[in-house]
Amino acid sequence: MKVLARAFRWRKLPEKRRYTTIDELARAEKINASYVSRVLRLPLLAPDIAEAILNGRQPERTTLPGLMKEFPAAWQDQRSDA
């Protein structure tokens, strides 16, 4: 849940012109740019999947390590994988 909230917060930062690159954001947060890149994909989750995670209702098989891997762009395909 914390990582998903962080992902949405980070996603808004470039829109506010605070950071222009992932490397800048990673330096500011004092974490690895690769991790930032993976986390920044999470706002692309289907809204119902994100909501389930935030409400603690996600299926047991939906784990952070699983979400940090590539997932389908199409929301319907995400639902079949979730």
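This is a predicted model: local features need pLDDT of at least 70, side-chain atom pairs count only at pLDDT 80 or more; totals for chains, interfaces and linings use all residues.

Visitor: OK, core first. How many residues are in the largest nonpolar core?
Guide: That core has 19 residues, and W10, L25, L42 and L45 are the ones with the most contacts inside it.

Visitor: Which elements give two or more residues to it?
Guide: Those are α1 (2-15), α2 (22-29), α3 (33-39) and α4 (47-54). The largest share, five residues, comes from α1.

Visitor: You mentioned L42. What does L42 touch?
Guide: Leaving out residues up to four places away in sequence, L42 touches V3, L4, A7, L67 and F71.

Visitor: Switching to α4: which residues there are buried?
Guide: I49, A50, A52 and I53 are buried.

Visitor: And why do they line one face of the helix?
Guide: Looking down the axis of α4, the buried residues fall within an arc of 160°, so they sit along one face. As background, an α-helix has 3.6 residues a turn, so residues three or four places apart point the same way.

Visitor: What happens just after α4?
Guide: G56 takes a positive phi there, about 70°.

Visitor: Now rings. How many aromatic pairs turn up in the whole structure?
Guide: The search finds one. W10 and Y35 pair edge-to-face, with 6.5 Å centre to centre and 85° between the planes. The pair links distant parts of the chain, since W10 is in helix α1 and Y35 in helix α3, 25 residues apart.

Visitor: Is W10 buried or exposed?
Guide: W10 is buried, at 0% relative accessible area.

Visitor: Last topic: how many salt bridges does the search find?
Guide: Two. In one of them, the side chains of R9 and E29 meet at 3.8 Å, N to O. R9 lies in helix α1 and E29 in helix α2, so this pair ties together parts that are 20 residues apart in sequence.

Visitor: And what does D48 form a salt bridge with?
Guide: With R79, where the closest N and O atoms are 2.9 Å apart. That one links D48 in helix α4 with R79 in helix α6 (residues 75-81), 31 residues apart.

Visitor: How accessible are D48 and R79?
Guide: D48 is partly exposed at 39% relative accessibility, and R79 is partly exposed too, with a relative accessible area of 33%.

Methods: Residues are numbered from 1 along each chain as its sequence is written. Side-chain values use heavy atoms; hydrogens and water are left out. A nonpolar core is a set of buried Ala, Val, Leu, Ile, Met, Phe, Trp, Tyr and Cys residues joined through side-chain atoms within 4.5 Å. Buried means under 20% relative accessible area, exposed over 50%, partly exposed in between (1.4 Å probe, protein chains only). Helices (H or I, at least four residues) and strands (E, at least two) are DSSP runs, numbered from the N terminus. Contact means heavy atoms within 4.5 Å. The arc is that of the directions from the helix axis to the C-beta atoms. Rings of Phe, Tyr and Trp (its six-membered ring) pair if their centres lie within 6.5 Å; planes under 30 degrees apart count as stacked, over 60 as edge-to-face and the rest as tilted. A salt bridge is a side-chain nitrogen of Lys or Arg within 4 Å of a carboxyl oxygen of Asp or Glu.
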